[in-house]
Amino acid sequence: PHPRPILCAGQAVCPELSSSEKDSFTASCVNDESCPQGTKCCARSPCSRSCVVPLMGPLSELVEKEQVFAPYPGRQEVEQLIEKATQPEELLELLGGGHCLQQNHAALALIQLSRLLSEKPKDKATLIQDARFWQLLHLVNSQITVIWHGTLVKLLRSLYALGLPATSKELRSVEQEVRWRMRRLRYKHLAFLAESSATYMQEQGSQELLAELLVHLERRWAEIEDKRTVVAMMMKTGHLSESLMNRLEDKCLELVEQFGPEELRKVLVTLAAQNRRSVPLLRAISYHLVQKPFPLTKSILLDLAYAYGKLGFHQTQVFQRLAADLLPHTPSMTSSEVARCTKSFAFLKWLNLPLFEAFVQHVLDRAQSITLPHLCNMLLAFARVNFRPEREDPFFSLVHEKLGSELVGLEPALQVDVVWALCVLQQVREAELQAVLRPEFHAQFLGGKSSKDQSTFQKLLHINATAQLEQHPEYTGPLLPTSALVPSPSALEQKMTPLQKELQETLKGLLGSADKGSFMVATQYGWVLDAEVLLDTESQLLPLRDFVAPHLAPSSGSQPLPPGAKRLAFLRWEFPNFNSRSKDLLGRFVLARRHLLAAGFLLVDVPYYEWMELKSEWQKSAYLKDKMRKAVAEELAK
C-alpha cells in the first residue's frame, strides 16, 4: 500500500479509492471548478472522475478518525526537531522555518513546550505573551479533530500546565474534543487524564469535564488490567468519587497478589489519607505483607506503621514484622522519623519493648539536637501505652531540661497534654503543674463547647487530681476552683456497653436496696465509677447518702464515716482499655486507678476477659462477692 499523503494546513488531497468504490458509478467531473464548493474532482477508477469531499487539515467528519492515525513510515524531520528541542525558541521557530506541520506536530510542540517550562513559571508568563505561541494554539485548534487520542490527552494536560486562561477558546476547544471522544478513548488515556489533570480541572472550573471523566472511569473500571493504573487512580482520583473508590478497592483486591512493597505502601497510605477502613482490602494486604519475604526499606516500614496506626487496624503478625524490621534501622533514623514511628505504634496500642528502648536510646544519643516538638510526641506516645524506659532518669531529666523555659511557649492544649503525660508516667514536677493550673491559663478551657476543649479540660481535672492526691503536701497551689470540679452532664452521656449493663444488673440484685449503692458516679477527679458501695467493719452495706462523700463535687451527706468503714469502687475494663494483645491497661486507666486508690477507695476491677467466662447470673454474683472480699482482705493485710 502507498503511504498516505502529508497533510499540511490548508492542503486538500483526494482520499484513497476503496475496492468497493472501484466498480460503483459516480457523477463525473472534469476539474475542481466543475465540482460544488467544498469538494474536489478525484479519480475514482481508471476511466472516470467524480466530486468527493477531500482530506483537509482537519479531516472530514465522514472519515473515521482512527483509520488515519497510523504512523507515517520513518521518523520525520519535524518530529525529531520537536523531540530534540531544549529551548522554547527552537519550537516556536518551526512556525516560520518552512516546515510543514502535520496533524500532530503543533500539538507535540505544545507538549514539549510544557515539559521545558515545567519548573519555570516566569518563562510561562513570557510565553503566553508571545504571538507565535498563540499562532501555534490556533493551528492546533484548526487541526483538533485529527489529533491522535494519546496526543490529545497529553495536549490538554500541557495546556493546563502552561497556565492558559480558563476562558481561552483554544483550551475550551481541546476540552470539548476530549468530551466528544470520551467513549472512544482507551482506559489508559482516561486514567492518564485523571491522574495528571484532575487538580487542574478543579482549579480551572472544568467541573463538567471532570464529572464526566469520573463517570466513565467508574463505568469502565473492569478494563483496568495492570497494578500501576489502579494504584495511581486510587491516589489521584479516589477522593473525588466515593463510588469510583469502591470500584478501585474491588480491583485492588483482584490484583493485590501482583503488588510489590511499593504498591502496598501507596495503597495503604492512600486509604489512611482518605480515612477509609476497608477491612477486606486491609486483610488482603496484611496477608501478603506477612507471607511474602520481600525486603521492606526504612521509608516503607515507616509509612506502613503510619497507615495502620491512622486506620486503627490491628494485625499482630504485621506489627511483629514491622517492629523486627525497624529495630536495625533505628540508629540511622532521624529524630522526626523516630517520633513519627513512636506515635504510630502508640495509636496501635502496640508496645514492643526492644523497639521502644531503642527509641529512648536514640533520643539520649542526640540529646542536644532533638527538638521539643519531637520530644513531646514521644512523651505523649509513652504515656498512652504506659511505657517506663529502663533509662528512666536520664530520659526524663532531658525532658524536664527541654521543657524548662519552653513549656509556656507551646500551644495551650499541647501544654496540657504534655503535663498530663508526665502525670501518667509519675514524672511531673511542681513548676509544670503550676504552669497549667494558673487561673489565667485554665480559664480559656472552662465552659468550652468543642470536643477538643472538653477533652483538654478533662485532662486538667486529672492534673488537678494529681496535684491534690499524689503531690500533697509538697504542692502549694494553685488548684482549679471548686466550681470547675462539678462534672458536666456530658460525662455520663456515653452509650451503655453490654458489659456495663450486665454489671449494673448483677450489682443491683446483689445489693438488694437502691440506697445501698450508687451507679455511674462522676467524681471531682475527672473519673467515672461504674458503681460505689460502703461497707462497715463487718462487711455489711451502709446507706451511701447519709455519709460524707469528699470525692463528689459538691460534696454530699453530713455524717462522717464510721470507724473502719470502707468505700469500694467498681471499675469495668473493656477491651479497648488495654494495650494490644496484653492485659496491661493503657496509661490513662493506670492513672485512674492510682487516683482512686489515693482518694481512699478499695478497687474492684472487672476486666472483660474475666467477665466473658461467666455464663450464669449465679456465677456473676459469686464473682463480684469474691472480688469484694479479696479487696477488703488485701486492705486488712496491709
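Both faces of strand S5 are covered in this predicted model. Lys 566, Leu 568, Phe 570 and Arg 572 are buried on one side, and Arg 567, Ala 569, Leu 571 and Trp 573 are buried on the other. The strand spans residues 566-573, and eight of its eight residues are buried.

**Strands paired with S5**
- Strand S4, residues 528-535, runs antiparallel to S5 and is joined to S5 by five bridges.
- Leu 534 has Arg 567 as its bridge partner in S5.
- Strand S6, residues 601-607, runs parallel to S5, with seven bridges between them.
- Arg 567 also has a bridge partner in S6, namely Phe 601.
- To get from S5 to S6, the chain passes through helix H25 (residues 587-598), making a right-handed β-α-β crossover.

**Helices H14 and H16**
- Helix H14 (residues 298-311) packs against helix H16 (residues 335-347) at an angle of about 35 degrees, and their axes are 8 Å apart.
- This crossing of H14 and H16 is left-handed.
- On the H14 side, the contact is made by Lys 298, Leu 302, Asp 303, Ala 305, Tyr 306 and Gly 309.
- These meet Glu 337, Arg 340, Cys 341, Ser 344, Phe 345 and Phe 347 of H16.
- The residues in the contact of H14 with H16 comprise six nonpolar, two polar and four charged ones.

How values were computed:
Residues numbered from 1 in each chain as written. Predicted model: local features only at pLDDT ≥ 70, side-chain atom pairs only at ≥ 80, totals over all residues. Heavy atoms only, no water. Buried < 20%, exposed > 50% of the residue type's maximum accessible area, 1.4 Å probe, protein only. Helix = DSSP H or I, 4+ residues; strand = E, 2+ residues; numbered from the N terminus. Pairing = 2+ DSSP bridges. Right-handed = clockwise from strand over helix to strand, strands pointing away. Axes fitted to C-alpha atoms, helices over the stretch in contact; angles between N-to-C directions. Left-handed = near helix turned anticlockwise from the far one by under 90°. Contact = heavy atoms within 4.5 Å. Nonpolar A, V, L, I, M, F, W, Y, C, P; charged D, E, K, R; others polar.
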